[in-house]
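Please examine the structure shown below. A discussion in questions and answers follows.

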2 protein chains.
Amino acid sequence: MTGRLAIVGIGPGAAELVTPLATETLAAATDLVGYGPYLARVPERPGQKRHASDNREELARAREALALAVLGRNVAVVSSGDPGVFAMASAMFEAIETGLEAWKSIEVTVVPGVSAMFAAAAKAGAPLGHDFCVISLSDNLKPWELVERRLAAAAQAGFVMALYNPISRARPWQLGRALDRLRAALPAATPVIFGRAAGRPDERIETVRLDEARPDMADMATCIIVGSTETRLIERQDRAPLVYTPRYSRESSR
Amino acid sequence: MTGRLAIVGIGPGAAELVTPLATETLAAATDLVGYGPYLARVPERPGQKRHASDNREELARAREALALAVLGRNVAVVSSGDPGVFAMASAMFEAIETGLEAWKSIEVTVVPGVSAMFAAAAKAGAPLGHDFCVISLSDNLKPWELVERRLAAAAQAGFVMALYNPISRARPWQLGRALDRLRAALPAATPVIFGRAAGRPDERIETVRLDEARPDMADMATCIIVGSTETRLIERQDRAPLVYTPRYSRESSR
């Protein structure tokens, strides 16, 4: 008897941003699989089993979830943000494709969620209001040269950028190099938003100029949004400025 | 006495994807402002006023909302998807920047939501599982040449793409030109997902090869996701294939 598997996005952290579909799916599961701190955000439920794992173990975690589902369990894989954006969904499908044939007949659903970049953008204004790119700065699974090439292409084409996985103990120098690359391509006054833990008690949202952006303004919980030449600041009395990218573009084809 | 204004994302359409924060914010408002069909998704509440407008009237709608808030009303502007992604947030900030000085002192918040592209991606698998771009095909507010330049830059740099506003009665030829541009830059077998009304009763999710993609597969309610050369299909018996983009990239710097 084959079970079911849902990959569930629980959003950026605040309980009030967990969708009803995510809440219901998590409540109906017999087994929850995920990174420990994300599992800790899900309310306890009697009889439900929890399988916590370390952050770096995406593929092992995915296989564990599939092994449970194929035995007839109703498994929910807990993912932060939206599970399709640098989270668990892609690892799950990689495990299905490269794994046991029986895993392909498991009923798999993805429950979308509010992403960290949307939560950070909302706190700052509407910096993602026009065409934008989403780039992971991690070079664990792709060559660093490709990251730099994409940053340059995005800047050159006038995209706003949301940067995921900016820095960690194992990747200390990459963000500095990325900021240098961006400074070579964009005006010094380009707004850069460091959006940390948006909507959580330890939230910190900071907007600086590109020439003032430093790697130590970010940590693992930060999503960085880099404006385009069209991104604007609305200064306000006694409040943080609002940052938005207009719907129109004055840029012509270069 | 100055009121408050919230720009609220109600997600892609299904009630089960409206966050609790959106539900509470809408319930607490004295006035709801928005495009008629989006307002119709919000439960009626006695004493609450509704100000419905046409779809093309973003800036006029934004000014109406600000004029109400400055009089002390508690206004919620209803937006589909995430309000920061080709929706109402950017228009609101444009109206604030270009409008009355008093509007700048209104307390403005943005309530993020699940975007249409996340809902469409979730139904297909995890096509946005790696670096991606989000591009509006509308040339109402930017030159068409810029759209083509961004499509070419995104394809060249190996980004997956989510395409918003693909086609309408007023913009009948743009999608065909965009697909031709992409065919010139990407392999014929590149997966293209036409994700229409994901999560709603009239949902239709269709995955085709780029060389088979036609403009009549889309309408105004469609978000199109174009894979990269790394995007993969998992074929399954008696079910639609799963589409995902791996977390790793085998592509080197070109």
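**Symmetry, a loop residue and the nonpolar cores**

Student: Is Gln48(B) buried or exposed?
Tutor: In this predicted model, Gln48(B) lies in the loop of chain B between helix H2 (36-39) and strand E3 (49-53). Its relative accessibility is 12%, and the cut-off for burial is under 20%. Gln48(B) therefore counts as buried.

Student: What rotation superposes chain B on chain A?
Tutor: The superposition has an RMSD of 0.0 Å, with 0.0 Å of shift along the axis. The two copies are thus related as by a two-fold rotation axis. Moreover, 100% of the interface residues of chain B are also interface residues in chain A, so the copies meet through the same surface. The rotation is 180°.

Student: How many residues does the largest nonpolar core have?
Tutor: Residues with the most contacts inside this core include Leu151(A), Met161(A) and Leu163(A), as well as Leu151(B). Helix H6 (residues 144-156) of chain B supplies the largest share, 6 residues. The core has 55 residues.

Student: How many residues are in the other core, which lies apart from that one?
Tutor: Among its members are Val85(A), Val114(B), Leu128(B) and Ala162(B). This separate core has 34 residues.

Technical notes
Residues numbered from 1 in each chain as written. Chains lettered and ligands numbered in written order. Predicted model: local features only at pLDDT ≥ 70, side-chain atom pairs only at ≥ 80, totals over all residues. Heavy atoms only, no water. Least-squares fit on C-alpha atoms with pLDDT ≥ 70 in both. Contact = heavy atoms within 4.5 Å. Helix = DSSP H or I, 4+ residues; strand = E, 2+ residues; numbered from the N terminus. Buried < 20%, exposed > 50% of the residue type's maximum accessible area, 1.4 Å probe, protein only. Core = buried A, V, L, I, M, F, W, Y, C linked by side-chain atoms within 4.5 Å.
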